[in-house]
Amino acid sequence: MKPMNEEHLAILRRHMVEVIAIYADLASEELGKAALNERVMAAMLRVPRHLFVPAQAAPFAYQDTPLPIGFDKTVSQPFMVALMTDLLAPQPHEAVLEIGTGLGYQTAILAELAGQVWSVEIIEEFASHAEALLQRLGLSNVGIRVGDGSRGWPDRAPFDKILVTAAAEEAPPALLEQLKPMGRMVLPVGTEEQLLTVIDKDSAGQFETRKLIPVRFSRLEAA
């Protein structure tokens with residue numbers, strides 16, 4: 001069988017976005033709305049997920065499932081990427097910190113929507129691969145460094161928004177500190193049972209926390 005071409009992949013990507021829309025509608029009671037933001041859905045339609053997975057997984061890139069990317073890690077299922085991005089609500093003028101670059105798929109989605117993305121990855125091979133791929137795609141508003149994500153990126157702080165793609169027992173204090181007043185963090189919280197959590201920081205530096213749906217992420221590693 002001959003390999004899929006760009007036209008085939010574009011059709012599968014559209015199908016993926018349609019499936020995300022169905023899942024968002026099905027989860028409308030838990031989410032408090034029936035549809036995800038149009039800017040987020042447009043970014044999901046633009047970014048070629050098949051480039052952000054190992055070659056052997058590329059034929060499955062547009063199925064709504066996590067895929068292995070090496071080092072016992074996975075790229076999140078497309079619905080979860082879209083949902084977390086929607087909850088974060090990155091804007092064109094904002095600086096976003098991402099914890100857990102992986103191979104850069106979520107990073108690319110954020111780069112389509114935010115003014116600047118700073119991403120911290122603990123696995124050096126992932127960071128260098130993601131950096132090269134994002135540059136190749138012309139996403140020049142991304143900076144990546146290797147390090148312990150639980151400590152954030154103090155030199156680039158504060159951030160308008162923070163997205164954490166690994167589960168912590170609680171929101172890391174350094175990340176809460178690096179979040180601007182009126183900023184927002186989205187992350188999975190918990191050990192055995194994880195809940196997707198939204199934390200808003202008010203103008204006085206106080207936090208309001210909302211817990212949404214059960215999720216399953218790998219643990220946030222500390223160096």
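This is a predicted model: local features need pLDDT of at least 70, side-chain atom pairs count only at pLDDT 80 or more; totals for chains, interfaces and linings use all residues.
Q: Is Leu-137 buried, partly exposed or exposed?
A: Buried means under 20% relative accessible area and exposed means over 50%. Leu-137 has 32%, so it is partly exposed.

Q: Which residues is Leu-137 in contact with, beyond its neighbours in sequence?
A: Setting aside residues within four places in sequence, Leu-137 contacts Pro-48, Leu-51 and Phe-52.

Q: How do I read a helix, and which residues of α3 are buried?
A: An α-helix has 3.6 residues a turn, so residues three or four places apart point the same way. In helix α3 (residues 38–46), the buried residues are Val-40, Met-41, Ala-43 and Met-44. Viewed down the axis of α3, they fall within an arc of 160°, so they line one face of the helix.

Q: What covers the buried residues of α3?
A: The cover includes α1 (6–26), α4 (78–88) and α5 (105–113). Have a look at the start of α3 too, where a side-chain oxygen of Asn-37 comes to within 2.7 Å of the backbone nitrogen of Arg-39.

Q: How many salt bridges are there?
A: With a cut-off of 4 Å between a side-chain nitrogen of Lys or Arg and a carboxyl oxygen of Asp or Glu, the count is 6. One of them joins Arg-46 and Glu-112, at 2.6 Å from N to O. Arg-46 belongs to helix α3 and Glu-112 to helix α5, so this pair ties together parts 66 residues apart in sequence.

Q: What surrounds Lys-161, and is this residue buried or exposed?
A: Lys-161 lies in strand β6 (residues 159–164) and, at 8% relative accessibility, counts as buried. Lys-161 forms a salt bridge with Glu-94, with the closest N and O atoms 3.0 Å apart. Glu-94 is in the loop between α4 and β3 (95–99), so the pair ties together parts 67 residues apart in sequence. Glu-94 is buried as well, at 11%. A polar atom of the Lys-161 side chain also lies 3.1 Å from the backbone oxygen of Leu-88. Beyond four places in sequence, the residues that Lys-161 touches include Ala-89, Val-96, Leu-179 and Arg-184.

Q: Which residues form a nonpolar patch on the surface?
A: Ile-22, Tyr-23 and Leu-26 do, with about 320 Å² of accessible area together. Ile-22 is in helix α1 and is partly exposed at 48% relative accessibility.

Definitions and conventions. Residues are numbered from 1 along each chain as its sequence is written. Side-chain values use heavy atoms; hydrogens and water are left out. Buried means under 20% relative accessible area, exposed over 50%, partly exposed in between (1.4 Å probe, protein chains only). Helices (H or I, at least four residues) and strands (E, at least two) are DSSP runs, numbered from the N terminus. The arc is that of the directions from the helix axis to the C-beta atoms. Contact means heavy atoms within 4.5 Å. A polar contact is a pair of N or O atoms within 3.5 Å; within protein, one must be able to donate a hydrogen and the other to accept it, and residues adjacent in sequence count only if both atoms are side-chain atoms. Patches are made of residues with over 30% relative accessible area and no salt bridge: like charges are joined within 9 Å, nonpolar side chains (Val, Leu, Ile, Met, Phe, Trp, Tyr) within 5 Å. Accessible areas come from the Shrake-Rupley method with a 1.4 Å probe; for residues, only the protein chains shown count as cover.
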